[in-house]
Amino acid sequence: MKKMRKMLFSMILSLILCIPTFAANASQLSDYYGGTWWDLNSQRCYMEITPYNDALFVAISWGHSAFESSEWRMTAFYNPATGKFHYNDCKYSILSSDDYGNDVETIQYVNGSGTIYISSNGYLYWEDYVEQTGMNCYFEKDTMEYSQNTVVQLQPNDVVNVVYGSNYNAEIEMEIGTYSMGGGIYVNFFNSSGIIWTGNYPNYSYLENGGLRLIFYGTNCLTGANDYLTIDWSSPESTDFPSVNYTFDNIGISGSYSYDCMLMMP
């Protein structure tokens, strides 16, 4: 069955890749990029891709040991001239634990560049222009189907109307709420000066093990720039401990959070 799904995937993808270059665009390809991809060479590296409009949010993890891993996070955009998704905002970090079991992130570089693309053979390839880390990698999409009867799946309504506190910055709080007239979900980040980042109407995707990712488009109140951030809950058991990833973070809101209190509704 898995082999048949892979053959069908490759056939459909080949048809799309045969579209003239000027006709191909990110919206036609995003469904094929979104999901989890496993490197068949190292068997220790995997890639999570979340499509949103014309962008792909990409997170690559490479396990070194039970206590240390490498992580690359970037936002990629489709280039019809090359037929690939290009990025130039990659943040590469080493994730480890200290003697007390606390998570430690050591940033190796930022603004790294490269591409990802799916070949006509159905495999995804990663070109890392900084260190050529993905040179020998070739990724296969995980097509495992989870039964909702056996795997609990977090939904957006399971994690809203809550105030969370940052585990890295005691001054930062994150409020995820719903508009009173049913207008959707919003997020606000506060410090002692007031709101420092705000967004609403998120897209969302499901992570493995029943986890959830909310993707917000909003405003950095310090710079006035509009950009994206993601909030992850790794499993249904981790609803009290979300993690924020913000590529353009100059206000200290990235990192892990813990449940503080329920949001008082009007």
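**Cores, strands and rings in a predicted model**

Author: The largest nonpolar core has 26 residues, and M47, I49, W72, I116, L124 and W126 touch the most other members. At least two residues of this core come from each of α2 (26-33), β2 (45-52), β3 (55-65), β4 (68-79), β5, β6 and β7. β5 gives the largest share, 5 residues. Another core lies apart from it, with 24 residues that include I176, W233, I251 and I253. This is a predicted model, in which local features need pLDDT of at least 70 and side-chain atom pairs count only at pLDDT 80 or more, whereas totals for chains, interfaces and linings use all residues. Residues are numbered from 1 along each chain as its sequence is written, and side-chain values use heavy atoms, with hydrogens and water left out.

Reader: What makes a set of residues a nonpolar core?

Author: The set must consist of buried Ala, Val, Leu, Ile, Met, Phe, Trp, Tyr and Cys residues joined through side-chain atoms within 4.5 Å. In soluble globular proteins, nonpolar side chains tend to be buried together.

Reader: Why is T115 called buried?

Author: Buried means under 20% relative accessible area, exposed means over 50%, and partly exposed lies in between (1.4 Å probe, protein chains only). T115 has a relative accessible area of 0%, so T115 is buried. Of the 266 residues of the protein chain, 45% count as buried.

Reader: Where is T115 found, and what makes that element a strand?

Author: T115 is in strand β6, residues 103-118. Strands are DSSP runs of E with at least two residues, helices are runs of H or I with at least four, and both are numbered from the N terminus. By this rule the protein chain has 2 helices and 16 strands.

Reader: With which side chain does T115 make a polar contact?

Author: The partner is the side chain of E127, at 2.4 Å. A polar contact is a pair of N or O atoms within 3.5 Å; within protein, one must be able to donate a hydrogen and the other to accept it, and residues adjacent in sequence count only if both atoms are side-chain atoms. Contact in general means heavy atoms within 4.5 Å. With neighbours within four places in sequence set aside, T115 is in contact with residues including F85, Y125 and W126.

Reader: How many aromatic pairs are counted, and what makes the pair of Y179 and Y186 tilted?

Author: Rings of Phe, Tyr and Trp (its six-membered ring) pair if their centres lie within 6.5 Å; planes under 30 degrees apart count as stacked, over 60 as edge-to-face and the rest as tilted. The count comes to 17 aromatic pairs. Y179 and Y186 have ring centres 5.2 Å apart and planes at 45°, so the pair is tilted. Y179 is partly exposed, because its relative accessible area is 31%, whereas Y186, at 13%, is buried.
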